[in-house]
Amino acid sequence: MNLNFKDTFNTELPADPVHENTRRQVMQACFSYVKPKSTANPSLIHASKELAQELGLTEDDLKSEAFKSLFSGNLVLPGTNPYAMCYGGHQFGNWAGQLGDGRAINLFEVNLNNKQWALQLKGAGETPYSRTADGLAVLRSSIREYLCSEAMYHLGVPTTRALSLALTGDQVLRDVLYNGNPEYEKGAVVCRVAPSFIRFGNFEIFSARQDKKTLKTLTDYTIRHFFPHLKEGTKEGYLHFFREVTHNTLDMIIHWQRVGFVHGVMNTDNMSILGLTIDYGPYGWLEGYEEGWTPNTTDRQYKRYRYGNQINIGLWNLYQLANALFPLIEEAKPFEDILLEYRNNYSTKYLSMMKSKIGLFNTDKNDAALLNRLEENLQLTETDMTIFFRNLNRISKDNLSNEDYLAPVMDAFYVQEEVKGDTLEKWKLWFTDYQNRLQKESIGDSQRAERMNNVNPKYVLRNYMAQLAIDDADKGNYSLLDEFFQLLKNPYQEQTSAEKWFVKRPEWARHKVGCSMLSCSS
Ligand code: AMP
Ligand code: MG
């Protein structure tokens, strides 16, 4: 393997002087050195050729013993110094103190074509930040992270990537529903890749501890490497940095709304400072369009992280980041102004994204109202989000007769017989107004359809699809996993052989654990 190592995080930032792998509070340091755990019988399940190439790895590398050993945690390459990051976070609205990489171990950073990448193993054993847990991950959750992060990437959603998925050969005890029924599951390790894994929580921990010095060191490091056009060491630079983080965060969440992705645990320790989707846990994909939906069973009561609340939570999390960066500026007003900007941008960016989903590119003062009514209608009966928007491009500017106006999107309704009476009237009215509105568009049907296909995916990782791949993989069969991995590389393209994955959730998956109900147990 010919990797161009270029460590920065563990060479430029203060390290924890203690080298023992014991659980502790780590002060005035950004990370602790720790080695991955050796595993019983590692085997590689899957690897991403495309990502490997970006890192400077060849196809032969992927087949090598060294690759398997390295990315299952059984090899530390000479000259590299693996470490776990120290961070804190607000979990479900409350300050949780020190969290840190409890089961993630950063191996090294590489630099290729002027791009910096950090490679990190998830599930490679305990670290000083493991608190009461074991530092391991199971196959089920590792498949979910592996498939979804790559699927998101190909959807054009900013995200961390996944290079490889390996079995450890160890058994891991998990109580999936937290109801006193723990069972052994197969242990697995995913190698995740991103320019950086720094989170809001990395900054929060230092201001919570009134450690302005380390806070400043970390902020300067972040600006230097990831916002090089800004000036480190100045108040102005810090504020510009904060502003860019708010923009990136908003853009990321708008993408989530566009594709129907619900993160499920938007705690500040799961918010990337680069605006990347990070930590694929109990996430889910909208099947029926429902603003109140959350996949996370832990969040069922208050639904803090529901689909329709993600943009607000982004703002709430940015307030916490503002508080964390405050000591570097010591003035509240500029932060408040930037946060206000998020609110304003939110309405315009959200509107323009939603307009693109229904193929409106010109401006009309009633567009927001038209979209509001659409969102209400979509929730009158269970309506598949992906199918509805994908098929909406079949509506023509002209020639819509009273009988067939629903026909193009009929497949999206879970129970077609429910679409009657008042509901039917509302749809009829909406489609009439929509068609009238389309008349004002300057482009024609086919051009509009094409543009809509670039924002409305045909294929997403439906919750039950991930579960099917998991059920097979548990039995040692990885063909479905590979099928989905390949399918989701081209989510906007028609793939005739994959039509069977452009269907509504089957009835068996409605209440099944892993499909509609997910816990943080992973
Ligand atoms: P999450 O919100 O699931 O991303 O995790 C919150 C915190 O718990 C993070 O600090 C994780 O590193 C830690 N954590 C989650 N699962 C484990 C585990 N099995 N072992 C150690 N730490 C864990
Ligand atoms: Mg996390």
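This is a predicted model: local features need pLDDT of at least 70, side-chain atom pairs count only at pLDDT 80 or more; totals for chains, interfaces and linings use all residues.
1. Domain 1 (9–197) and domain 2 (201–356) both give residues to its lining, so the largest cavity lies between the two domains. The space inside the largest cavity comes to about 80 Å³.

2. Around the largest cavity are R140, S141 and R144, then Y280, G281 and P282, and finally the run L518, S519, C520, S521 and S522. Sorted by class, that lining holds four nonpolar, five polar and two charged residues. With a threshold of 30 Å³ or more, the model has three cavities.

3. The shell around ligand 1 has 17 residues, of which G100, G102, R131, G135 and D279 come nearest. By class, the shell divides into four nonpolar, six polar and seven charged residues.

4. Which atoms of G100 and ligand 1 lie 2.6 Å apart? On the protein side it is a backbone N or O atom of G100, and on the ligand side an oxygen atom. An N or O atom in the side chain of D134 is 3.1 Å from a nitrogen atom of ligand 1. For D279, a side-chain N or O atom is 3.1 Å from an oxygen atom of ligand 1.

5. Last, a word on burial. Ligand 1 exposes 480 Å² when taken alone, and the protein buries 82% of that area.

How values were computed. Residues are numbered from 1 along each chain as its sequence is written. Chains are lettered from A and ligands numbered from 1 in the order in which they are written. Side-chain values use heavy atoms; hydrogens and water are left out. On a 1 Å grid over the protein atoms alone, a cavity is a set of points where a 1.4 Å probe fits but cannot get out, and a pocket is an open set with protein on both sides within 12 Å along at least five of seven lines; lining residues have an atom within 4 Å of a point. Grid points are joined across faces, edges and corners, and a volume is the space filled by probe spheres set on the points. Ala, Val, Leu, Ile, Met, Phe, Trp, Tyr, Cys and Pro count as nonpolar, Asp, Glu, Lys and Arg as charged, and the others, Gly among them, as polar. Domain bounds come from an automatic or database domain assignment. A residue is near a molecule or strand if one of its heavy atoms lies within 4 Å of it. A polar contact is a pair of N or O atoms within 3.5 Å; within protein, one must be able to donate a hydrogen and the other to accept it, and residues adjacent in sequence count only if both atoms are side-chain atoms. Accessible areas come from the Shrake-Rupley method with a 1.4 Å probe; for residues, only the protein chains shown count as cover.
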